[in-house]
Amino acid sequence: MKRIILLLLTFFNLTLSYAQHLYPEKYKNCNLGSFCLDCGETKAKPQNSIINELLNKFDKKSLSKIAGKIEVQILIDKDGKPCLLSSLNQTNISSKKLGLQDAINSTSNWEPAISENKKTNSSVSLIFEFENGTVSAKRKVFDFKNQSNAKSVGSPDIKGTDKEKLSKGWTVFTQQNSELPWDMTRAVANDLDNNIWIGTDNGIVKINNGKWEHFNSKNTLISSPAYNKTQSVRDLEVDKNNNKWFVAGWDVYKYDNKNWIKYDSINSPINWARKIFVDHSNNVWFTSWNGVAKFDGKNWSTINKQNSNLPTDKVLGVYVDKKDRIWIGTFEGNVMIENGVTKLLNDKNSPLSKAYISKIYEDKKGNLWFDLYKDKSDDAGIYVLDLQKKWTRINHPNPKMFSKNSINDFYLDEESNLLWITLNGVGVLSYDTNSKKWETYTNENSNVPSIHSERITKDKDGSIWIATYAGVIKLNK
């Protein structure tokens with residue numbers, strides 16, 4: 001750990017009247033009286049030595065290997081004593097192994113928050129990012145005062161196609177020109193009745209023949225966090241019975257078009273679900289940092305390191321092909337489970353030994369399309385495995401296109417022979433599988449509103465819909 005970067009990240013502000021854990025990993029031994037979230041006319045401030053103190057306290061062996069991001073919520077009491085309340089660990093090292101709680105709790109006292117000329121309990125959120133032997137620390141400052149919308153536009157990391165060479169146009173739906181309740185959107189799906197469902201950071205929308213119907217904490221079971229009106233909807237899928245499945249906050253919600261059911265760690269094995277996948281037998285699968293959870297309509301089951309020899313329980317993607325083989329991508333390797341037997345996919349001649357499965361799609365011919373993820377690696381990208389077990393890589397003219405920026409989603413439109421890709425930090429890519437032509441849409445060369453694009457779906461009229469952090473876009477036909 002030679003280089004240290006300290007940054008300030010400004011988000012939103014609000015006051016909590018009661019204790020609130022922001023992240024799924026919860027810690028004991030903090031005095032959980034009332035506190036506010038990063039409040040005060042004068043906010044809680046750490047000592048300048050905090051980064052060096054943490055680096056000295058973290059497990060040294062873990063520091064040499066760690067990569068990824070950890071978000072922490074720290075309670076700073078009236079005396080300035082820090083106590084770790086909750087965390088969200090997205091690294092390859094567990095919080096316990098890193099010694100996260102002991103390290104944070106043993107740092108020097110902060111200057112406490114001052115509210116109405118009195119010292120007050122407050123919680124502060126920090127983000128630590130570990131990459132290539134460096135660590136950066138960012139602070140979240142929550143400020144929802146007078147906030148009626150939120151969006152993120154950004155500047156693309158990679159230049160898009162020349163504007164005059166783009167062949168497609170988009171219609172953009174925002175809070176300003178439609179009934180979209182929030183511009184920050186992450187999920188979109190088309191149901192069996194050709195309704196479009198959109199998951200935002202402030203509720204859900206159903207579009208039926210131009211009519212918009214809203215779902216939020218007032219008319220669903222989805223809870224309302226202290227810092228917003230409705231939990232952020234981070235993923236969305238429709239099963240073969242036309243049930244809608246949502247990941248909102250840390251929990252899963254099912255809507256059967258009449259009733260809502262909530263699944264959490266109390267009534268299911270779900271503990272902070274990440275992605276949803278519906279297989280050809282209508283089983284619903286959920287990836288998480290605790291393995292994979294499966295729901296067959298009646299019963300729950302899990303696949304994890306303990307019962308199925310996964311390399312780690314931090315699962316990135318899951319897929320069940322037409323041969324009922326279960327493909328699982330973890331952050332420490334990929335496996336395939338066939339007839340109950342787990343096989344580690346470590347053949348050096350296969351791209352599956354070099355990067356991790358994020359998503360798979362099986363086309364009409366039986367070819368398997370893979371989105372493989374590996375941060376800052378040239379091995380990341382889209383690969384195709386044909387019926388003869390031959391691998392083909394979908395190459396981009398820019399060899400660094402998928403190593404510098406990760407793929408969030410892809411959709412193979414077999415009717416138009418177009419592969420659509422949402423690329424984090426860039427925008428939307430299209431690839432013609434016949435002509436091999438690429439087009440890159442950014443917010444600089446098109447009306448794609450944000451460099452942060454997420455889920456992709458196609459409606460029965462043939463239009464592509466994409467969720468972005470600055471509205472939802474629909475392909476003009």
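The model is predicted. Its pLDDT averages 90 over the chain, and 93% of the residues score at least 70. One stretch, residues 1-19, has a pLDDT below 50. Where pLDDT is low, the predicted coordinates should not be read in detail.

**Confidence**
- Although residues 1-19 have a pLDDT below 50, this stretch has 70 contacts in the model beyond near neighbours in sequence.

**Nonpolar cores**
- The largest nonpolar core holds 27 residues, of which Phe58, Val72, Ile74, Leu100, Trp110, Phe128 and Phe130 touch the most other members.
- Two or more residues of this core come from each of helix H1 (50-57), strand E5 (68-76), helix H4 (100-105), strand E9 (122-131) and strand E10 (134-143).
- Another core, of 25 residues, lies apart from the largest one and includes Val318, Met336, Leu345 and Ile357.
- Phe128 has contacts beyond its neighbours within four places in sequence, among them Ile51, Leu54, Ile70, Val72 and Ala137.

**A four-stranded sheet**
- Four strands form an open sheet in the order E11-E38-E37-E36, and their pairing is antiparallel.
- Strand E11 (170-173) and strand E36 (453-458) are at the edges with a single partner strand each, so one side of each has no neighbour in the sheet.
- From one strand to the next, the twist averages 20 degrees.
- E11 and strand E38 (residues 471-475) run antiparallel and are joined by four bridges; Thr171 stands opposite Lys474 in E38.

**Ser308**
- Ser308 belongs to helix H5 (residues 305-308).
- Its relative accessible area is 13%, so Ser308 is buried.

Methods. Residues are numbered from 1 along each chain as its sequence is written. This is a predicted model: local features need pLDDT of at least 70, side-chain atom pairs count only at pLDDT 80 or more; totals for chains, interfaces and linings use all residues. Side-chain values use heavy atoms; hydrogens and water are left out. Buried means under 20% relative accessible area, exposed over 50%, partly exposed in between (1.4 Å probe, protein chains only). A nonpolar core is a set of buried Ala, Val, Leu, Ile, Met, Phe, Trp, Tyr and Cys residues joined through side-chain atoms within 4.5 Å. Contact means heavy atoms within 4.5 Å. pLDDT is the predictor's confidence in each residue, from 0 to 100. Two strands pair if DSSP finds at least two bridges between them. Axes are lines fitted to C-alpha atoms, for helices over the stretch in contact, and angles run from 0 to 180 degrees between N-to-C directions.
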